Amino acid sequence: MDFRPIERASEAFQQSVTTKEIQAICQRIFGTDARALSATELGAGMYNNTYRIELEGQERPVILRVAPEPGRQFRSEHQLMRNEYASVPWLAVIASLMPRVIAADWSHEIIGRDYMVQSHLDGVPAPERIGDYPRALWPKFFFQMGTIAKAVHTVRGPHFGPVSGPAYPAWSAAVVASLEEIAADVDSLGLDATDLREVAAVAGHGKAVLDEITQPRMIAGDFWTVNVMLDAAAPEPVITGVLDFDRTWWGDPEADWTIYMASKKPGTERDAFWESYGPRPSTAGATWRSDIYLARHIGAIRLERHRLGNVDLVPETYKEMQDVLGRLQA
């Protein structure tokens, strides 16, 4: 087999599987006669290990995604692949854009990690393609992004919290639990989590404002440009696929990473996102909640920066969090 893993340091968070493990996975999913001709690790993702696999006798490749070992996962990122698998039936509204799940295996009988095999999406990752277009055409891309986000956010759910659970009866309980989990993860790295616990306390005291959200709706969790595929040949940006819905939640769409990213750089092409998505709530309660959500994003960014070895950027998150706390405690 032609195997092309990404070379990483031994202490890196992501660690590749072996050729033997890939062949064993293919035989479990496609039968004992299955043989992988090649496996190329794709480098866009920063959490799971992802491989494009060519199989003997099959015209189209498949995608193998392998989760981190259980002991390497943060509490706030526990079993994300299982969460994505549980989300698929709820994402029918964008099913035409998503990869099809061929098989998933949580047994750890082949390798000591969860893995999932999916169909291969056509197109080119948006970060690699969008720059080929003149900036005057970029609003068309962000308009499509807003349409997709709006469709996802219309989906109603049965509880608050991660799609696969744990389930919470109120939005405030889900938000406070998430902040406390992120704080515990920050503690586990030997970093100071005081500011996150202060935000969790503020959120708990203000639970009545959080609980103005009474209808759980789908929160994509990580939907933005890096998880979008574009047509390779279209004369203007055309989204052909979306992927990586492992951080889905039920709750307030305003808490979505998508909303956080779309809100950056106002007055640019991203304004087209809001043309298709629609207006945001502008009440005092919504403004207060947005700072709670921002604090959660900052905490998650702190964890990711540390995990990726970008330790020089971690201190910035403390300054950003103090600014948020200042507004929340004013």
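I started with Glu269, which sits in the loop between α8 and α9; helices here are DSSP runs of H or I with at least four residues, strands are E runs of at least two, and both are numbered from the N terminus. This is a predicted model, so I kept in mind that local features need pLDDT of at least 70, side-chain atom pairs count only at pLDDT 80 or more, and totals for chains, interfaces and linings use all residues. Residues are numbered from 1 along each chain as its sequence is written, and side-chain values use heavy atoms, with hydrogens and water left out.

Is Glu269 buried or exposed? At 14% relative accessibility it counts as buried (under 20% relative accessible area is buried, over 50% exposed, in between partly exposed; 1.4 Å probe, protein chains only). Leaving out residues up to four places away in sequence, I found Glu269 touching Arg135, Trp138, Pro139 and Phe142 (contact means heavy atoms within 4.5 Å).

**Helix α4**

Next I looked at α4, residues 138-153. Its 16 residues should span 22 Å at 1.5 Å a residue, and the end C-alpha atoms are 23 Å apart, which agrees (the expected span is 1.5 Å times one less than the number of residues). I listed its buried residues: Trp138, Phe141, Phe142, Met145, Gly146, Ile148, Ala149, Ala151, Val152 and His153. An α-helix has 3.6 residues a turn, so residues three or four places apart point the same way. The cover over the buried residues of α4 includes α3, β9, β10, β11, α8 and α9.

Ile94 touches Ile148, Ala151, Val152, Val242 and Phe245, not counting residues up to four places away in sequence.

**Rings**

How many aromatic pairs does a search of the whole structure find? I got 15 (rings of Phe, Tyr and Trp, the last by its six-membered ring, with centres within 6.5 Å; planes under 30 degrees apart are stacked, over 60 edge-to-face, the rest tilted). Phe142 and Trp224 make a tilted pair, 5.9 Å centre to centre with 40° between the planes. This pair links distant parts of the chain: Phe142 is in α4, Trp224 in the loop between β9 and β10, 82 residues apart. Phe142 and Trp224 are both buried.

Phe160 and Trp171 are a tilted pair too, at 5.9 Å and 40°. Phe160 lies in the loop between α4 and β8 and Trp171 in α5, so the pair ties together parts eleven residues apart in sequence. Phe160 is buried at 4% relative accessible area, and Trp171 is buried at 1%. I also noted a cluster linked by ring pairs: Phe141, Phe142, Trp224, Phe273, Trp274 and Tyr277.

Last, the charged end of Arg302 sits over the ring of Tyr318, 3.6 Å from its centre (NZ of Lys or CZ of Arg within 6 Å of the ring centre and within 35 degrees of the ring normal). Arg247 lies over the face of Tyr47, at 5.4 Å from the ring centre.
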